[in-house]
Amino acid sequence: MTLHGKTALVTGSTSGIGLAIARCLAAEGSNLVLNGFGDAGAIAAQRAELAKTFGVAVTYAPADISHPDQIATMVAQAQSDHGSLDILVNNAGVQHVAAIESFPAAEWNRVIAINLTAAFLAMQAAIPGMKTRGWGRIINIASAHGLVASGEKSAYVAAKHGLIGLTKTAGIELANVGVTCNAICPGWVLTPLVQAQLDARAARDGITPDQAAALFLAEKQPMHRFTAPEQIGATAVFLCSDGAATITGAALSVDGGWVSQ
Ligand code: NAD
């Protein structure tokens, strides 16, 4: 129980990687603020289950983080509900796949707003309290696409490269105030975000989703297996631990060797 008494806000924690990170932090004793879209009843059930299983306080912030004012409200609410916001995980992300010449400008703006600008605004709101208390952990969920590119993902690749740049800058600015800022760079993790891409590839090429999954892995990862969301959660817990107190401004790959090539 290394995080007992801390509070973590995980954006996009109603699904996939964010939900697994929230679970792993709660298992270490951290209170939680969940955020993300979904059915109200399902989110209430998730909240109750996490609170009961781990004996922590769990609240839900309904912010749409493509709206800056809702991010400020979410952070302020987290601080007033729990007394402090100690761990910020900027996880929510969206994807749009199209060649640059046919990439809709509205999709570019949406991907940059959610994957990059929202992280900047949440950090801006959360850092003063972390500095006052002399302890904080900021974890930005980037991607292998924050370090290398793929075709037809211009906005996502630009946003994730930007997120790693933002992480480095925060690491420098916060180096001596007890607050670290790091990025985790996953390769393929089987979540709804990736399942949608598998289904699209299967439909396009007339193959099964399982065949599409094998192709995705073979194209990008030396290791032909998906990372489990819980393995990203375990990395986040490590970054919150005392053992990671001098790791800052780093981009940690959890990607089956994707960017080693
Ligand atoms: P997911 O689609 O399963 O979950 C995304 C979450 O973000 C959901 O909870 C959704 O409700 C929330 N969200 C989306 N738009 C939002 C908005 N405007 N406001 C608030 N919440 C919003 O996706 P995932 O695969 O779990 O991805 C999580 C993060 O991990 C993303 O940043 C993604 O880019 C990154 N990532 C994923 C993979 C992968 O293989 N799945 C690989 C590398 C990086």
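Which residue forms a salt bridge with Arg23, and how far apart are the closest N and O atoms? I looked this up before anything else.

**Entry: the model.** I am working with a predicted model, where local features need pLDDT of at least 70, side-chain atom pairs count only at pLDDT 80 or more, and totals for chains, interfaces and linings use all residues. Residues are numbered from 1 along each chain as its sequence is written, and side-chain values use heavy atoms, with hydrogens and water left out.

**Entry: salt bridges.** Arg23 pairs with Glu49, and their closest N and O atoms are 2.9 Å apart. I took a salt bridge to be a side-chain nitrogen of Lys or Arg within 4 Å of a carboxyl oxygen of Asp or Glu. Arg23 sits in helix α1 and Glu49 in helix α2 (residues 40-54), so this pair ties together parts 26 residues apart in sequence. Helices are DSSP runs (H or I, at least four residues), as are strands (E, at least two), numbered from the N terminus. I found six salt bridges in the structure.

**Entry: domains.** The domain assignment gives domain 1 (7-188 + 227-253) and domain 2 (190-226); such bounds come from an automatic or database assignment. I noted 15 residues from domain 1 and 12 residues from domain 2 in the contact, which is defined as heavy atoms within 4.5 Å. The C-alpha centres of the two domains lie 25 Å apart.

**Entry: the interface.** Domain 1 and domain 2 bury about 1,000 Å² between them, 59% of it on carbon and sulfur atoms. Buried area is the accessible area (1.4 Å probe) that two parts lose on being put together, summed over both. I counted zero salt bridges between domain 1 and domain 2. On the side of domain 1 that touches domain 2, α1 (16-27) and α8 (229-240) each supply at least two residues.

**Entry: aromatic pairs.** I searched the whole structure and got two aromatic pairs. One of them is Trp188 with Phe216, tilted, at 4.8 Å centre to centre and 40 degrees between the planes. Trp188 lies in the loop between β6 (179-186) and α6 (192-205) and Phe216 in helix α7 (residues 209-220), so the pair joins parts 28 residues apart in sequence. Rings of Phe, Tyr and Trp (its six-membered ring) pair if their centres lie within 6.5 Å; planes under 30 degrees apart are stacked, over 60 edge-to-face, and the rest tilted.
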